[in-house]
Structure formats: C-alpha cells, structure tokens
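Reader: Hi! Could you walk me through this one while I have it open?
Author: Happy to, just ask away.

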Amino acid sequence: MALLADLYQLTMAYGHWRAGRHRAPAAAELFFRRGPFRGAFALGAGLAEGLRCLRAFRFSAADVAYLRSVLPSTTEDAFFDYLATLDTSEVTVTAVPEGSVVFARVPFLQVKGPLLVVQLLETMLLCLVNYASLVATNAARFRLLAGPDVKLMEMGLRRAQGPDGALSASKYSYIGGFDCTSNVLAGKLYGIPVRGTIAHSFIMSFTSLEEVQPRELSPLAGGDLVDLPALASSWLGRVCEVLQTPLEKANQGELAAFVSYAVTFPQNFQGLLDTYCVRRSGLPNFCAVALALHQLGYRAIGVRLDSGDLAQQSKEIRQVLRACADRFQVPWFGTIPIAVSNDISEQSLEEFSREGSEIDMIGVGTNLVTCPLQPSLGCVYKLVEVNGSPCLKLTEDEEKMTIPGTKTIYRLYDAAGHPFMDLMALEKEPSPSAGQELVVHVLGQLDEARTVMPTTVESLHRTYFRDGQVCEPLPSLLEVRNHAQMSLNVLSPAHRRLHEPQPYPVAITEQLHRLLIELQQDRR
C-alpha cells in the first residue's frame, strides 16, 4: 500500500531526504473544512482500514524498482535504498473513534512521526477516510429521514464506482445506519446481513402455470404433498372477489413465477408486484399464493414495489392486505411488510413522510452509493508542527487557514447532555474541567472572546497506533454502527436536522489563539 500515493509525495520525500530533514519529528492532522450535504455533521469512518494499511506500510523490492523508473534519473541510489527500509514503527496515530460524529475543522485523526513518513501517508489516509466518511454520513441522513423503525437496504452494487466503491458503500452505509445489503461479497467479507428475493426478469420468464416445476409442496407441519399451482389458482378467484378485479386480468405468467418461487422458498416468499399491473395482477396473484402458503402453515415475508407513486400504492396495498386478513380470518396478513425501491433519494423519503405511507422497508442504490448531492467530502491533511515548531498555512480565506501546533480535542456538553462545542487546545495545556469557566475563540469569530461553562467534558481522541502496531482493540462493524447511532442521538435537534441546521461552533483556547496571532504577525 506504500505506493497508494500521489507522485509529489515521493518527490517531496526526496527533497526532505536530500536536505537531511527526513527524520525531523512532525505532526499532521486530517479534517474537512465544511459539513457535507449542507449539514452540520459528518460521521468519521475509514479508521480501521487506515490502521491496517499503516501496519502493512512497506516499499517492496518491486515498488522500489518501479519508483526508479518514475523518478528522475538524477535521483540518488541511496534514496531508493532508504525507501526500502521505511516502515511506520515510529508513527503514532490518535483519532476519534470510528463512527463518531465529527465537525468541520476538527481533526478526525492526527499523525506524528518522522517528517518523510508523515508526508508519505497523506494520500493513502485521505483516500481511505474521504469516501468512507462521506457515504457513512449519507447513509446516516437516510436513516434520520426514515426514522428508527423503517428497515433500510443498501442495493447500489450495480451503480457504484467499480467493485471497490461498491464494497466500501456496503460497509460504510451499514455503519451509517442501514440494516442490510444486496451485496453478497460484502456480506461475506464484513458480516453485513444480506437480503434479496426476485427481480422482474424472473417473473417475465414465465408464461403459464404449466411451466412450474416442481409443483408440490409439503405442509410445514408435515403431511402429504400438495399441488401448489392448483391451490393458488383456487385462492385467486376468492381474492379477486375481495379486490373486485376481473380474474382474467391476473397475469398467468406472473402467477406461475410467484408459485415457482414459493415452492422453492416457502418460508421466504416475497412478491414483486409491478411487473404488469399492481392492482389487477400483481396484488391478487401475490395474495393468492400467500394465502395458499398460509393454508400449508407458511408465512409470506413481504411485497415489493419498484415503480409508480410508492407512498400512495403502499396505502392501497395495505388496505387490500387488511381486507384479505378480515375476509379470510388471517390476522397476520394485514401486517405483511411492504418494501419499495426505484431511485430512492432524500427527497423521496421526505415525500413519504409528508404524504404518509405504509412502507416498512426501503431499498436505496444510486443516491446512496454515488453521493450525487456531494461527490467528495473534501478532507485535507495538513502539517501542524515540524521539529517542535508549530506550522501555519496563512491565507486571506480564514476557512483555509490551518490551526497550528499539536493539539488535544475536547467535546463540551450542556446540562441536557447535548454537545454544544468542540474545543481545540495545545497539547501541553491542562485539560478543561466540567463546571469550569473557559475563555474560547470560535472559528469564524476569532477576534471575539467568549466564556462557556460545560457540564461535561470529553477528550475526543484515543491513541490507536504506536510502534508500528495497532494499540487499541478495534470494535466490530456492528459495534461501530451502534456507536454511530448513539453519537447521532446525543446531538441536539438543531444540529442534527438536515436542512439549515444551526452551525456547530468549533473553538480554540485562549493560549492557542495567542499562538495563532503570534504566527500570523511573524509571517506577514
């Protein structure tokens, strides 16, 4: 993974080496400048992957040979010999726990080590954190819109930016709050629950009940085999009477597809209703097969819609399911889960909420995995200290100005248990205490001092990597997912809302503010 770098990382490394500065102690921070999707927060993700790559960081003989062909012919051989010895044994990484809510300008992770190595790690870490955090945040937004009870399924494999993007999307959307994925490989690799039943192509491949093989199914409790096509056909007439739809309008190929699938998966039968006509064909055919299965002791697991006015159709379908439940004395039938898909976006979920719906599960693909509202989180990686001297990038745009020095990051909570400010302090400063008045300067309003008094103070960063090894036990993906939901839940509604949220203040201590002013004056 050492070659997962931009070329200028290597040319700068050679410059540091030639100048004899390559082993100077240095520190860098990774952060983003603006909240994604015009929101106030992001979910920090990609840390575990970054730590694995740090542990494996080496230039192989083949890597070094390739670099000899890329760098100028004037590059000294001794530099390539030096690269062959490099590792991360002198690197220390502190970070916010993966899945935590993070805010603009606050370091997600900090890297300390020899200057040359710290510089070489930049692109790799940005690559591993940027998309992971973006898609986790996107998923969290869908979860907040859907509410806690609706199941969310990631189904973007075929629309993602290649297999790597697809696997990352499955993994990090799970962290963000999705319940399952259609991606079988992601299920194997990461232990994410996998779901999926049938597509329109399966239904379209059938034309009549004569094509159904095998035709017989044993009752769940045991007993003689039953001809399921015949049993479903007998139910279809009764269902059409309830729905007041013509029997001849129910597509026989669709009925055959449902029966064939039900014979194969009697305990996992889900009907895709919109291959032909939902009201006159898909719904009566589904109900007929589901009631036939019920007669044999099985329960259908749901229906799915993939087109049309999903909210309105879900309400109409629920009415039909309840009518069948009442007519045929099958109470559970009225609660059959209704799933929807079809280019679902944040706007779709807002419409479902506004119009009301009976939707129990939502499948999201393109608008989750490609993050079309914001294709990049825009994380940056900036040096903040070299050889014990704080570094400052000075610019007229305050947003792009870096905050110098190695720092400790604190989150301040109010009496209601909500975080109300993140505070950056120089590493050598004493830790702030709960109930203590603090003089701070909020980024964007640095000229003004403000006094705050937190009820609780939390130190955000933990040390995860030291001496070439991961030194903190890494949580499972499910534990990271649970932490992400807890982290979101403690946010105040004003900061959690997705549209026009209240800006979350990030501040620096009085001592750090003095250092910043001194450096600004020295460099002007």
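Reader: Where is the place of Tyr-66?
Author: Tyr-66 is in helix α3 (residues 61-70). Helices here are DSSP runs of H or I with at least four residues, strands are runs of E with at least two, and both are numbered from the N terminus. This is a predicted model, where local features need pLDDT of at least 70, side-chain atom pairs count only at pLDDT 80 or more, and totals for chains, interfaces and linings use all residues. Residues are numbered from 1 along each chain as its sequence is written, and side-chain values use heavy atoms, with hydrogens and water left out.

Reader: Thanks! Is Tyr-66 buried, exposed or partly exposed?
Author: Tyr-66 is partly exposed, with a relative accessible area of 49%. Buried means under 20% relative accessible area, exposed means over 50%, and partly exposed is in between (1.4 Å probe, protein chains only).

Reader: Which residues make the nonpolar surface patch with Tyr-66?
Author: Leu-3, Leu-7 and Val-70 make the patch together with Tyr-66, and it covers about 340 Å². Patches take residues with over 30% relative accessible area and no salt bridge, joining nonpolar side chains (Val, Leu, Ile, Met, Phe, Trp, Tyr) within 5 Å and like charges within 9 Å. A salt bridge is a side-chain nitrogen of Lys or Arg within 4 Å of a carboxyl oxygen of Asp or Glu. The areas come from the Shrake-Rupley method with a 1.4 Å probe, and for residues only the protein chains shown count as cover.

Reader: Switching to rings: how many aromatic pairs are found in the whole structure?
Author: The search finds 14 aromatic pairs. Rings of Phe, Tyr and Trp (its six-membered ring) pair if their centres lie within 6.5 Å; planes under 30 degrees apart are stacked, over 60 edge-to-face, and the rest tilted. Take Phe-258 and Phe-269: their centres are 5.9 Å apart and their planes at 70 degrees, so this pair is edge-to-face.

Reader: Which parts of the chain does the pair link?
Author: Distant ones: Phe-258 is in helix α11 (residues 252-264) and Phe-269 is in the loop between α11 and β10 (270-272), 11 residues apart. Phe-258 is buried at 0% relative accessible area, and Phe-269 is buried at 0% too.

Reader: And what kind of pair do Tyr-261 and Phe-265 form?
Author: A tilted one, 4.8 Å centre to centre with 35 degrees between the planes. Tyr-261 is buried at 9%, while Phe-265 is partly exposed at 36%.

Reader: Nice. Which ring does the charged end of Arg-238 sit over?
Author: The ring of Trp-235, 4.2 Å from its centre. Arg-481 has its charged end over the ring of Tyr-174, 5.0 Å from the centre. That label needs NZ of Lys or CZ of Arg within 6 Å of the ring centre and within 35 degrees of the ring normal.

Reader: On to strands. How many residues of β16 are buried?
Author: 7 of the 7 residues in β16 (residues 407-413) are buried, so the strand is largely enclosed by the rest of the structure. Lys-407, Ile-409, Arg-411 and Tyr-413 point one way, and Thr-408, Tyr-410 and Leu-412 the other.

Reader: How many bridges does β16 have with β17?
Author: 7, in the antiparallel sense, with β17 spanning residues 419-426. Two strands pair if DSSP finds at least two bridges between them. Thr-408 has Ala-425 as its bridge partner in β17.

Reader: What about the turn of that hairpin?
Author: There are 5 residues between β16 and β17, and Gly-417 in the turn has a positive phi of about 90 degrees.
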